Amino acid sequence: MDALFKTLLGVHIAGGGTALIAGFIAMLNVKGGPVHRTAGKFYFWGMTVACVAALYLSIAHPNPFLLMVAVFSYQLVAIGYRSLYLKKLFTGTVKPKPVDWLIGIVPALFNISIIIWGIYKITEGNNFGIIGIVFGAIGMMYAYNWLKQFFILHKEKQHWLFSHLQGFGAAYIASVTAFLVVNINFLPPLLIWLSPGAVGAVLITLTSIKYKRKFSRNQKIKYITD
């Protein structure tokens, strides 16, 4: 293993570890509060470092698993991060920047290739192809929803919050999945790969419903008092 590879492997592990800890702290603290915001920044940059390092590692020593998780995770992180800068998108006064288009288009192309790769692996009798298809399909869904808002404006004022929550939340799930896949070998591979996503999807959905109800209730109160 060459020196650069070893160094970037250490950088990848450090970035991923920072993101896991910071993301957990952010989730436990009041949304929008100082601790949440600071932990969120550490989470974003930790994920950035981990994913950039993973791209080199996965190419230098070909590793489809690492490449897939790196691109998939950072697609979601980028969506969660840029959502904060598109809070006024629903008003039509804010326009997406080139980077926002890239966040949707580049991962979409990658996700299509992952799905094709997954189908090819299944034809070879490799069940790992199922993982590729699942990750690719989820990634395509996020890319579609991200790009769609640039053509059809959201009616919800708080659309950015749900995009932020779902992007960062799903990226965290992907990070946890990668950690479990690397460190746990006594459970069926498909269970390790898919169970964090299943549990995480339920938690993200319930949290989104909670905030939608809260905003709806506040809107009704405001309407009554007005």
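Reader: What makes you call α6 mostly covered?
Author: The count of buried residues does: 18 of the 25 residues of α6 are buried. Buried means a relative accessible area under 20%, exposed means over 50%, and partly exposed is in between, all with a 1.4 Å probe and protein chains only. This is a predicted model, in which local features need pLDDT of at least 70 and side-chain atom pairs count only at pLDDT 80 or more, while totals for chains, interfaces and linings use all residues. Residues are numbered from 1 along each chain as its sequence is written, and side-chain values use heavy atoms, with hydrogens and water left out.

Reader: How do you know whether the span of α6 agrees with its number of residues?
Author: The expected span of a helix is 1.5 Å times one less than its number of residues. For the 25 residues of α6 this gives 36 Å, and the end C-alpha atoms are 36 Å apart, so the two agree. In α3, 19 residues reach 27 Å from the first C-alpha to the last, close to the expected 27 Å.

Reader: Why is α3 called largely enclosed by the rest of the structure?
Author: Because 15 of its 19 residues are buried.

Reader: What makes a stretch a helix here, and how many helices and strands are there?
Author: Helices (H or I, at least four residues) and strands (E, at least two) are DSSP runs, numbered from the N terminus. By that rule the protein chain has seven helices and zero strands. The order from the N terminus is α-α-α-α-α-α-α.

Reader: How do you know whether the radius of gyration agrees with that of a compact globule?
Author: The radius is taken over C-alpha atoms, and the globule rule is 2.2 Å times the number of residues to the power 0.38. For 226 residues the rule gives a value near 17 Å; the protein chain has 19 Å, which agrees. Along its principal axes the C-alpha trace spans about 65 × 35 × 35 Å. Of the 226 residues, 39% count as buried.

Reader: Why is the contact of Asp100 with Arg82 called a salt bridge?
Author: A salt bridge needs a side-chain nitrogen of Lys or Arg within 4 Å of a carboxyl oxygen of Asp or Glu. For Asp100 and Arg82 the N to O distance is 2.7 Å, so the pair meets the cut-off. The pair links distant parts of the chain: Asp100 is in α4 (residues 98-123) and Arg82 in α3 (residues 64-82), 18 residues apart. Both residues are buried.

Reader: How many salt bridges does the structure hold?
Author: Two. Lys121 and Glu124 form a salt bridge with their closest N and O atoms 3.7 Å apart. Glu124, at 46% relative accessibility, counts as partly exposed.

Reader: Is Asn127 buried or exposed, and what makes it so?
Author: Its relative accessible area is 51%, so Asn127 is exposed. Asn127 is found in the loop between α4 and α5. Its C-alpha is 9.8 Å from that of Pro189, 62 residues away along the chain.

Reader: What are Ile112 and Gly136 called by accessibility, and why?
Author: Ile112, in α4, has 40% relative accessibility and so counts as partly exposed. Gly136, in α5, has 0% and so counts as buried.

Reader: What makes a space a pocket, and how much space lies in the largest pocket?
Author: On a 1 Å grid over the protein atoms alone, a pocket is an open set of points with protein on both sides within 12 Å along at least five of seven lines, and lining residues have an atom within 4 Å of a point. Grid points are joined across faces, edges and corners, and the volume is the space filled by probe spheres set on the points. The largest pocket holds about 1,200 Å³. Its lining has 35 residues, with Lys31, His36, His164, Leu165 and Phe168 nearest its centre. The largest share of this lining, 10 residues, comes from α7.

Reader: How many residues of the lining of the largest pocket are nonpolar, polar and charged?
Author: There are 21 nonpolar, eight polar and six charged residues. Ala, Val, Leu, Ile, Met, Phe, Trp, Tyr, Cys and Pro count as nonpolar, Asp, Glu, Lys and Arg as charged, and the others, Gly among them, as polar.

Terms used: 1 Å grid on protein atoms, 1.4 Å probe; cavity = no way out; pocket = protein on both sides within 12 Å on 5 of 7 lines; lining within 4 Å.
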